Protein chains: 4
Amino acid sequence: MTINIGVIGTGAIGREHIRRCSTVLQNARVVALNDINRDNCQQVVDQLTPEARIYDNAIELINDPQVNAVLVTSWGPTHEAFVLAAIEAGKAVFCEKPLAVTAEGCLNIVEAEIKAGRQLVQVGFMRPYDSGYRALKAVIDSGEIGEPLMLHCAHRNPEVGDSYTTDMAITDTLIHELDVLRWLLNDDYVSAQVIFPRKTRKASSHLRDPQIVLLETAKGARIDVEIFVNCEYGYDIQCEVVGESGIARLPEPMSVQLRSAAKLSTTILTDWKKRFIDAYDVELQAFINNVIAGEMTGPSAWDGYAAAVAADACVAAQNSGQIVPVTMAEKPAFYR
Amino acid sequence: MTINIGVIGTGAIGREHIRRCSTVLQNARVVALNDINRDNCQQVVDQLTPEARIYDNAIELINDPQVNAVLVTSWGPTHEAFVLAAIEAGKAVFCEKPLAVTAEGCLNIVEAEIKAGRQLVQVGFMRPYDSGYRALKAVIDSGEIGEPLMLHCAHRNPEVGDSYTTDMAITDTLIHELDVLRWLLNDDYVSAQVIFPRKTRKASSHLRDPQIVLLETAKGARIDVEIFVNCEYGYDIQCEVVGESGIARLPEPMSVQLRSAAKLSTTILTDWKKRFIDAYDVELQAFINNVIAGEMTGPSAWDGYAAAVAADACVAAQNSGQIVPVTMAEKPAFYR
Amino acid sequence: MTINIGVIGTGAIGREHIRRCSTVLQNARVVALNDINRDNCQQVVDQLTPEARIYDNAIELINDPQVNAVLVTSWGPTHEAFVLAAIEAGKAVFCEKPLAVTAEGCLNIVEAEIKAGRQLVQVGFMRPYDSGYRALKAVIDSGEIGEPLMLHCAHRNPEVGDSYTTDMAITDTLIHELDVLRWLLNDDYVSAQVIFPRKTRKASSHLRDPQIVLLETAKGARIDVEIFVNCEYGYDIQCEVVGESGIARLPEPMSVQLRSAAKLSTTILTDWKKRFIDAYDVELQAFINNVIAGEMTGPSAWDGYAAAVAADACVAAQNSGQIVPVTMAEKPAFYR
Amino acid sequence: MTINIGVIGTGAIGREHIRRCSTVLQNARVVALNDINRDNCQQVVDQLTPEARIYDNAIELINDPQVNAVLVTSWGPTHEAFVLAAIEAGKAVFCEKPLAVTAEGCLNIVEAEIKAGRQLVQVGFMRPYDSGYRALKAVIDSGEIGEPLMLHCAHRNPEVGDSYTTDMAITDTLIHELDVLRWLLNDDYVSAQVIFPRKTRKASSHLRDPQIVLLETAKGARIDVEIFVNCEYGYDIQCEVVGESGIARLPEPMSVQLRSAAKLSTTILTDWKKRFIDAYDVELQAFINNVIAGEMTGPSAWDGYAAAVAADACVAAQNSGQIVPVTMAEKPAFYR
């Protein structure tokens with residue numbers, strides 16, 4: 001069985017997913033395209049999907065009976081409306097982060113999905129599909145290190161452009177940890193605090209970099225995440241889980257070990273796109289498989305909402321310097 | 001475009017490839033099956049490929065016009081005849097190792113292919129498709145460590161059954177190094193020597209284990225491969241390339257790093273099937289892509305022949321205790 | 001030249017130092033002993049230093065002209081008086097931690113030393129003499145990683161007895177980090193905060209374990225130290241310095257690398273005494289050399305005071321849950 | 001108790017040992033010096049040992065009653081005579097390698113020692129005193145990896161001068177492995193073979209570099225040692241022991257772990273003098289302690305002989321290209 005996918009937003013990420021459907025994944029074909037710039041769609045048709053039809057209107061694409069599932073890869077502020085329309089049309093929808101630009105927007109989607117009576121939404125958080133995080137979760141879940149008590153994490157980029165602002169350290173960068181750590185621990189956040197160390201001289205004048213975010217979970221685990229987006233040396237994702245009887249650490253990406261020039265070394269990636277490149281494939285194939293199976297797994301609308309609420313608290317903590325509670329609506333039975 | 005594949009031999013390896021075509025790879029479907037035991041085919045139809053047709057005769061399968069390409073995964077001694085028939089039929093053929101049970105048999109295939117005027121054969125050596133070996137080759141080819149002078153390798157299994165014999169250390173185990181090291185170095189073997197260290201008490205009474213194979217290449221590189229098939233601790237593949245200015249080492253498989261019970265540890269695999277699991281997918285997808293593109297890449301009939309000649313020399317070296325020359329036919333221009 | 005040492009306090013640590021002087025170090029001999037229990041001294045004479053004289057009174061020992069230098073290894077609350085007496089007598093004194101049980105006591109010693117006109121005191125903080133920390137400091141001082149911005153540290157013990165209390169995590173355990181990190185960064189603390197993660201089930205009912213201490217330095221560096229004294233898996237000291245352009249990490253203790261039982265592993269120590277065993281030798285030899293050279297180096301009375309002030313702030317932070325300022329007297333020119 | 005040491009040969013190694021006695025070790029003082037160049041002795045007196053007496057004649061130094069023990073650090077060809085004279089005088093003697101320049105010379109010393117009725121000789125092989133090799137031996141002796149079956153070793157220098165010749169790869173370089181591996185395995189060599197890989201372009205025109213030496217032991221273990229003295233990247237000593245149930249590997253020297261410039265790295269030494277710097281101290285202190293205790297331990301005259309015989313076989317194997325037997329005299333009961 002092959003599902004027919006409609007893609008809304010044919011920018012860089014959209015095209016990546018279209019290429020993925022065409023050349024890597026099984027059982028999916030892109031049949032419908034929409035973009036605010038019709039030329040973008042035409043380029044995709046010319047280069048990747050000659051048989052796809054171009055729609056001037058996203059809602060029309062969503063409602064076309066030949067479209068079985070929708071990919072929302074348009075500009076963030078448009079996500080909420082398109083996801084709601086897909087739910088309304090009873091179609092599975094894969095939405096790149098953010099699910100909505102506000103927590104309320106996410107909650108609107110949650111409510112629409114509950115009303116629709118079945119899960120239709122998968123949010124584009126790819127880390128739970130990374131083989132390293134999966135191996136780490138398997139160790140935790142095995143009980144081998146006892147109950148998790150502390151997580152020491154880092155999210156480092158070699159550099160960011162001048163347009164990157166202090167709050168983007170939360171909304172664009174930490175957002176991935178906010179999602180994956182909830183999943184890793186099967187837990188929720190209850191408070192957030194942000195600490196600003198001495199600033200690196202490599203950062204833009206307006207940017208506070210690095211930052212340390214401290215999170216507390218409902219079960220009492222404490223998480224520290226170092227966010228350092230001008231660390232120079234590489235793109236480096238670290239996650240260490242300290243349990244009652246042992247510590248498990250996220251694997252380093254595979255690398256040839258080199259003895260050369262008085263160093264024993266392995267390579268650290270510098271391009272973030274390579275770090276989770278396989279996870280993107282696994283993530284989208286999982287969505288396709290879910291559509292065929294008729295049952296959503298993976299990051300849900302509720303998970304999108306939870307990440308949004310936690311991000312809001314972290315930004316508030318950046319601004320206030322205080323410990324800020326993370327206050328979520330009660331989790332509907334629908335998502336348990 | 002989707003190619004129609006016929007599979008000869010539906011034992012364990014055949015079924016793995018059929019499952020792969022059905023659930024992992026792009027652009028291929030299994031449409032024809034043959035096995036000396038028709039019940040095996042029926043099971044595959046029942047479980048994996050309901051639309052595949054069963055042929056009582058392998059040659060008939062090969063010659064059916066609806067079959068675009070052939071997978072030979074039958075018993076080793078039958079390979080040569082089926083590959084020759086596929087070449088005769090002008091069809092691409094993926095043949096699991098060995099290409100033929102003798103070097104002469106391999107040479108027959110080489111000659112048939114040359115006569116056919118184009119490469120049609122891919123031999124099922126998967127290590128050149130392993131991301132670790134590819135990364136290692138990239139380092140060598142970059143010139144970063146200078147010319148390769150020595151290789152220190154190991155091929156270790158936790159244990160083997162009683163039916164495993166001393167020569168199988170060459171023909172079943174070392175055969176993978178014989179293929180991948182030629183590819184890694186872009187070089188040929190000129191001599192082989194085998195050393196028998198003190199025997200482990202864990203080996204069968206008839207089996208000499210471990211063994212060390214010493215190979216010399218045309219460019220003068222020296223290779224030592226430790227073969228140790230009752231090493232107890234794990235399935236462990238090591239390859240270290242000593243160049244003029246540095247040393248590059250095959251990456252260890254990804255693993256969570258654990259601090260537990262007074263040990264800082266990573267996991268060593270014990271099941272060989274997991275070590276190259278991704279490489280099998282990449283290998284067969286490459287074959288499918290080659291069929292579509294109309295041009296074979298990957299381990300050729302000539303490579304199959306080269307591995308067979310080298311293996312013969314190693315077995316002779318086991319028996320004689322001497323340094324045995326590896327004497328190959330001159331490489332036809334066809335394969336350059 | 002050999003210096004004559006008088007030792008006050010012949011318990012476990014005292015005896016270790018006496019053994020060290022007798023069998024490992026150069027240019028020192030223990031000639032005088034004092035202990036509240038004279039039998040302890042007699043045992044030392046019988047087993048280690050047949051020529052040492054026993055004094056019933058510590059002050060008499062300090063003032064005996066044949067004693068060139070004093071080791072204070074008695075019960076903590078007695079340290080201040082003995083160190084002051086040694087300063088009064090114009091003699092170099094090595095004092096095990098704590099220099100005094102209060103910050104004021106440390107300040108008394110500082111003032112006495114200033115009045116005496118020359119440094120006479122070395123406090124028994126051994127980590128600056130550890131080859132690992134020295135190598136780490138050399139990397140920082142080389143400028144190779146840029147300015148230090150963050151330190152991620154851990155101090156883990158496999159278990160502690162029931163008498164270990166929550167504040168001892170600061171005064172007995174963190175105290176070593178409080179000393180060595182100031183030295184490593186050449187910086188001072190300005191605030192402290194303590195976070196209590198979910199408690200391990202392995203800890204005594206009265207003990208909060210683990211804890212995370214957050215420190216801020218005058219230069220703006222941020223330090224997090226995980227203290228986990230019932231971590232089960234080993235005695236493990238971690239220190240990672242995140243600089244503007246790179247990260248340097250304290251070396252793991254040397255260990256044979258083992259491939260065994262499906263694990264690639266190195267050993268983690270479980271006995272804290274082995275972790276810094278060489279550092280104790282280097283530390284005491286440095287003191288002896290200083291006495292001969294007539295000039296103190298190493299942890300000074302001021303460093304002892306600084307550690308005491310920081311520890312007080314950390315204990316206050318444990319109790320208040322707040323960010324507590326670390327307020328030190330101005331550093332006298334004498335110690336610059 | 002302090003022993004009085006006489007040193008014959010005050011070149012670089014001699015001075016290092018004199019400095020060691022003066023500033024690092026316990027219970028020894030250098031009281032007598034001899035060198036073919038009296039000015040060398042005077043420099044040592046001026047700089048290191050003002051109280052030492054200079055002897056124009058080495059035999060006179062050996063026989064002076066005030067000298068308790070002798071260090072022979074003169075030119076290799078003179079060792080045999082000086083060691084024999086020390087034995088004749090009934091004095092303990094520490095002799096730098098080689099014990100004698102021929103195996104027969106070593107045997108003369110062995111016989112003299114047996115005649116003297118007690119062991120007096122310690123040969124200056126320092127690797128058995130290296131903490132890494134000791135830890136490795138402890139693992140082997142614990143039985144944790146079962147019986148040793150194979151050793152994979154490497155001895156690499158970044159570069160050597162033009163005066164370094166092909167046989168020096170055995171007599172100056174491999175000689176350390178020849179000693180330490182016998183000790184590690186508690187075994188003897190029975191055959192040697194030398195393989196010459198493709199030559200590095202960095203080596204002198206007359207030098208064959210790298211080389212691989214294959215050794216077989218009496219118990220059947222097989223050893224391969226890569227000798228590569230122009231490897232460029234560092235001074236690197238590797239030793240991996242493959243046992244029946246696991247593999248133990250010599251620890252890498254301690255190093256700060258660095259994340260910098262897209263590399264996760266540790267430092268490889270480039271200066272051989274730093275690699276075993278601690279082992280030299282431990283070695284000479286052991287000799288001093290042995291003199292005081294009146295009983296020699298450590299590398300004996302017999303061990304010096306065994307290394308010489310093995311080295312002769314390896315040089316013969318270099319020349320012949322054949323497998324050369326290592327034929328030793330029977331081990332006298334005296335050395336068991």
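Tutor: Gladly! Let us begin with a convention: helices and strands are DSSP runs, a helix having at least four residues and a strand at least two, numbered from the N terminus. Please keep in mind that this is a predicted model.

Student: With that convention, what makes the place of P98(B) a loop?

Tutor: P98(B) falls between strand 5 (92–95) and helix 5 (103–116) of chain B, and that stretch is the loop. The peptide bond that joins K97(B) and P98(B) is cis, with omega about 0°.

Student: Where is K202(D) placed?

Tutor: K202(D) is in the loop that runs between strand 8 (189–195) and strand 9 (211–217) of chain D.

Student: Why is K202(D) called partly exposed?

Tutor: Buried needs under 20% relative accessible area and exposed needs over 50%. K202(D) has 41%, so it counts as partly exposed.

Student: Which residues are in contact with K202(D), leaving aside its neighbours within four places in sequence?

Tutor: They are E244(B), N230(D) and E232(D). The C-alpha atoms of K202(D) and N230(D) are 6.3 Å apart in space, while the two residues are 28 apart in sequence.

Student: How do you know whether A261(D) and A262(D) are buried or exposed?

Tutor: Use the cut-offs of under 20% for buried and over 50% for exposed. A261(D), at 61% relative accessibility, therefore counts as exposed. A262(D) has a relative accessible area of 18%, so it is buried.

Student: On to the rings. How many aromatic pairs are there over all chains?

Tutor: The structure holds 20 of them.

Student: Why is the pair of F334(D) and Y335(D) called edge-to-face?

Tutor: Two rings pair if their centres lie within 6.5 Å, and planes over 60 degrees apart count as edge-to-face. The centres of F334(D) and Y335(D) are 4.9 Å apart and the planes stand at 85°, so the pair is edge-to-face. F334(D) is partly exposed, because its relative accessibility is 25%. Y335(D) has 9% and therefore counts as buried.

Student: Which residues form a cluster through ring pairs in chain A?

Tutor: W302(A), Y305(A), F334(A) and Y335(A) are linked in this way.

Student: What makes you say that K137(B) lies over the face of W183(B)?

Tutor: NZ of Lys must be within 6 Å of the ring centre and within 35 degrees of the ring normal. K137(B) lies over the face of W183(B), at 5.3 Å from the ring centre. In chain C, K137(C) lies over the face of W183(C), at 5.2 Å.

Student: How do you know how chain D and chain B are related?

Tutor: A rotation of 180° superposes chain D on chain B with 0.0 Å of shift along the axis and an RMSD of 0.0 Å. The two copies are therefore related as by a two-fold rotation axis. The same surface serves both, as 100% of the contact residues of chain D recur in chain B.

Student: Which rotation superposes chain A on chain C?

Tutor: It is a rotation of 180°, with 0.0 Å of shift along its axis and an RMSD of 0.0 Å. Here too the same surface serves both copies, since 100% of the contact residues of chain A recur in chain C.

Student: How many residues are in contact there, and what area do chain A and chain C bury?

Tutor: 40 residues of chain A are in contact with 40 residues of chain C. The two chains bury about 3000 Å² between them, 54% of it on carbon and sulfur atoms. R198(A), R222(A) and E244(A) supply 23% of the area that chain A buries against chain C, more than any other three residues.

Terms used:
Residues numbered from 1 in each chain as written. Chains lettered and ligands numbered in written order. Predicted model: local features only at pLDDT ≥ 70, side-chain atom pairs only at ≥ 80, totals over all residues. Heavy atoms only, no water. Phe/Tyr/Trp six-rings, centres within 6.5 Å; stacked < 30°, edge-to-face > 60°. Buried < 20%, exposed > 50% of the residue type's maximum accessible area, 1.4 Å probe, protein only. Least-squares fit on C-alpha atoms with pLDDT ≥ 70 in both. Contact = heavy atoms within 4.5 Å. Buried area = accessible area lost by both parts, 1.4 Å probe.
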